[in-house]
Amino acid sequence: MKTMRGSNHTGMRQFNERTVLRAIRHEGAIPKADLARLTQLSSQTVSIIVNRLLEDGLLIKQDRIRGKIGQPSVPLAINPDGAYSIGLQVGRRSLEVVVTDFLGQMRHQWQHNYPYPSPTEVLPKIKEGLKLMQKRMGAEAWKRAVGIGLSAPLAMHQWGDLMGKKAQKAMVDWEHIDLVQEVQAMSALPVEFAKDTTAACVAELVQGLGRDVPNFLYVYVGTFVGGGLVMDGHIVNGPRGNAGAIGSMPIGLPPLGTRANANTPAQLLQLASGWQLEQALMVAGHDPLLVQQNAIMSPEFSAFTQPWLSQAAKALAMSATSAAALLDLDAIIMDGSLNPKLLQALIQQTEASLAQFSFDGIHQPQILAGRVGSHARALGGALLPLHAQFFPDKDIFLKQDELG
């Protein structure tokens, strides 16, 4: 068990409440006495906080534990219905809106697919999705919604050229649109923003393998491959939000003697994105969304999947090796919006491709499958308002020490 220290100093009511909530979220149902030891707050302070959180509906009491020495204890647990959050993900192929409860579990989900994210289509659909979620939740649950977590690619107008001339023409308008401002105008709920792959990384950190793996590069394979970075259990954003932007990592070197900008090496996103497989399917007259369906693994599509898997796995293995040398990682965690069996095949081939690289002098990270899945970007977005309102700022206040 880890201590999660609060403060007994006056004026720290909100922080101490958040510390108590985080401790219960991390440890599970726990009696007040254990909660006081875990947070290192006084029993009186914990009692006051717990009573307040029970009154606010954020905690619930569970059945008494009997049969131990002393008075029967009453475990306290997070109330899943204590608060709700909306996750809104604007992707290159689809728009997804989800509702999560106070435990971060998805309650409602809605998705709209498109060939590319044109603002004239996306913005009205966002409004439609938010209204639909409000209707599904009902008036009483909606009152307990704390915010909207918005995730989207950075500089979306710059991605149009990779998706064809028609997409490029439609997507250039994003340069002059403030997406956060547009969404904020649709709702009275506060809006929090994160880059799409960073949001997915947040979901893996909080709801997936992040509790057990402190240092990892997160790789999300969707229409384009992207990533996030976690070091010492913390999301690393970088000053411009580009830390972990593995999609832009170059694969290979330009030929010796070539001019600057001539024969520029391909980036990872040009070799290991779902986009390349989608395009191969489209050219052959197949539905590009097959990449998300079970049928993609049938033998009739192996002529498309096998070359893509081989190319993508080798590129990902090279990127993983470079990242390991720079960051000293415990693991590479891979997830995505691809069909789960296709994604698993990619993970296995990436792991096999690591054998082509030398790890002399560095630690070879494990290649692990993410636990969150295709909804990671939207779920990660939904976690942002919950974290902003109910989690302590662990960088400034919260210390986590192993108990002896």
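**Close-up views of a predicted model**

View 1. The model is predicted: local features need pLDDT of at least 70 and side-chain atom pairs pLDDT 80 or more, while totals for chains, interfaces and linings use all residues. Residues are numbered from 1 along each chain as its sequence is written, and side-chain values use heavy atoms, leaving out hydrogens and water. Helices (H or I, at least four residues) and strands (E, at least two) are DSSP runs, numbered from the N terminus. The 14 residues of α11 (residues 340-353) should span 20 Å at 1.5 Å a residue, and the end C-alpha atoms are 20 Å apart, which agrees; the expected span is 1.5 Å times one less than the number of residues.

**View 2. The N-terminal end of α11.** Asn 339 caps this end, with a side-chain oxygen 3.0 Å from the backbone nitrogen of Lys 341.

**View 3. The largest nonpolar core.** A nonpolar core is a set of buried Ala, Val, Leu, Ile, Met, Phe, Trp, Tyr and Cys residues joined through side-chain atoms within 4.5 Å. The largest one has 73 residues, and Ile 86, Val 90, Ile 126, Leu 179, Val 219, Trp 308 and Leu 346 have the most contacts inside it. Helix α10 (residues 302-327) supplies the largest share of this core, 10 residues. Apart from this core lies another, of 40 residues, among them Leu 35, Leu 76, Cys 201 and Val 230.

**View 4. Phe 102 and Phe 390.** Rings of Phe, Tyr and Trp (its six-membered ring) pair if their centres lie within 6.5 Å; planes under 30 degrees apart count as stacked, over 60 as edge-to-face and the rest as tilted. Phe 102 lies in the loop between β5 (94-100) and β6 (106-113) and Phe 390 in helix α12 (residues 376-390), so the pair ties together parts 288 residues apart in sequence. Both Phe 102 and Phe 390 are buried.

**View 5. Phe 224 and Trp 275.** This aromatic pair is tilted, at 6.0 Å centre to centre and 40° between the planes. Phe 224 counts as buried at 5% relative accessibility, and Trp 275 at 11%.

Key:
Buried means under 20% relative accessible area, exposed over 50%, partly exposed in between (1.4 Å probe, protein chains only). A polar contact is a pair of N or O atoms within 3.5 Å; within protein, one must be able to donate a hydrogen and the other to accept it, and residues adjacent in sequence count only if both atoms are side-chain atoms.
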